[in-house]
Amino acid sequence: RGGYQGPAATILGSAAAGIQALIEATREIRAGTAKGMLEASAWGPFAEMYLNYLARRGWLADPGDDPGTALRPFDATARGTIPGEAGVAFLLESLETAEARGAEILAEVVGGETRFSPAGAGDDLATRAEVISASVPEDLPLDAIAVGGTGVPEMDRLESLAWVEALGAQRAGDAAWITTTASNGYTGPTSAPLSLLAGLLAAREGTLPPLPNLTAPDPEGGPIRPRSKPEPATIRGLAVSSFSFEGYHAALSLRPWSAAGE
C-alpha cells in the first residue's frame with residue numbers, strides 16, 4: 001500500500017527485536033541497499049498462553065496491588081511486571097536524503113550490537129556487558145541511558161548491572177536513566193524503543209522525563225538516580241539496551257543532532 005521497495009525483514013528477537021530492527025535498518029542504509037528504512041515494533045501481549053507463561057515463572061505483579069503503582073522497574077520494592085500494549089516507529093535515512101527533504105533530524109546512530117546468549121534469562125551478565133561495550137563508543141559523552149525495564153527484579157538488576165560492568169560505575173552513574181515502562185506497562189519489543197523515543201525527545205526539548213514509581217533504587221542493581229519530576233538536561237550522547245527473558249540482547253547508541261554539529 002505504501003509503495004515501499006527494497007530490503008524488508010521481520011526480526012524475531014523477542015523483547016530485543018525493536019532495537020535489533022533499528023540496527024538492521026542502519027546497516028542496510030550504510031551498505032547502500034536503501035536510502036531510508038522504516039522501523040517499527042508493536043506488542044499485543046494479551047494472549048492466554050503468554051500471560052500463563054509469565055504467571056508460571058512468577059513474573060507478574062501482585063494482582064491486588066494498585067495498578068498505578070504496581071509496576072516499579074529498578075525499584076527495591078519491585079514485585080513483577082504488568083503487560084502493556086504499544087507500538088512505535090522510526091524513520092532512518094541517509095543524511096543527504098534527510099536534508100534533501102528538509103527533515104527534522106533527531107539523532108545520528110553511532111553504534112549498535114546484538115547477540116544471543118544461550119544462558120537465556122540466567123546469569124548472562126558478561127554477554128550483556130559485551131553487547132553494551134561494543135555499541136557505545138568510548139569517546140561518546142553519555143548523558144542518558146534508555147532502558148526497557150520489566151518490573152521483574154532479577155531481570156532489571158541484570159540490565160542495570162550490565163551497564164556498570166560495561167562502562168564502569170562512574171560513567172553509568174553519571175548518566176540520567178530513562179524508562180517509560182512504569183507508565184505504559186511492559187510492552188516487550190516496544191519497551192526499549194519507547195524509552196529511546198523518550199530520550200530523543202528529552203534531548204530535543206532539553207528536559208528529562210520523571211521516573212514514575214522509582215523512589216528507592218534496588219541496592220543490588222546499578223546506580224540509577226530517581227526523578228519525581230521533569231529536570232533540565234543537556235544530552236550529548238544517548239544509548240539504549242534491550243534484554244529479553246529468552247536471551248536475545250541488543251544495544252544502540254546515538255548522538256542527538258543538536259550535539260552532532262557538522
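Modeller: Let's start with a term: contact means heavy atoms within 4.5 Å of each other. In the chain, among contacts between residues at least 6 apart in sequence, 76% join residues at least 24 apart. This is a predicted model, in which local features need pLDDT of at least 70 and side-chain atom pairs count only at pLDDT 80 or more, while totals for chains, interfaces and linings use all residues. Residues are numbered from 1 along each chain as its sequence is written, and side-chain values use heavy atoms, with hydrogens and water left out.

Biologist: How do you know whether the radius of gyration agrees with a compact globule?

Modeller: The radius is taken over C-alpha atoms, and the rule is 2.2 Å times the number of residues to the power 0.38. For 262 residues that gives a value near 18 Å, and the chain has 18 Å, so the two agree. The C-alpha trace spans about 55 × 40 × 30 Å along its principal axes.

Biologist: What share of the residues counts as buried?

Modeller: 49% of the 262 residues. Buried means under 20% relative accessible area, exposed over 50%, and partly exposed in between, with a 1.4 Å probe and protein chains only.

Biologist: What makes a set of residues a nonpolar core?

Modeller: Its members are buried Ala, Val, Leu, Ile, Met, Phe, Trp, Tyr and Cys residues joined through side-chain atoms within 4.5 Å. The largest such set here has 31 residues, and I19, L196 and L252 have the most contacts inside it. Helix 8 gives the most to this core, with seven residues.

Biologist: Which residues does I19 touch?

Modeller: Leaving aside residues up to four places away in sequence, I19 touches A192, P193, V240, S242, A250, A251 and L252. Apart from that core lies another, of 20 residues, including V136, L140, I224 and F243.

Biologist: Why is helix 1 called mostly covered?

Modeller: Helices are DSSP runs (H or I, at least four residues), as are strands (E, at least two), numbered from the N terminus. Of the 14 residues of helix 1, eleven are buried, among them A17, Q20 and E28. What covers them includes strand 1 (36–43), strand 3 (107–116) and helix 8.
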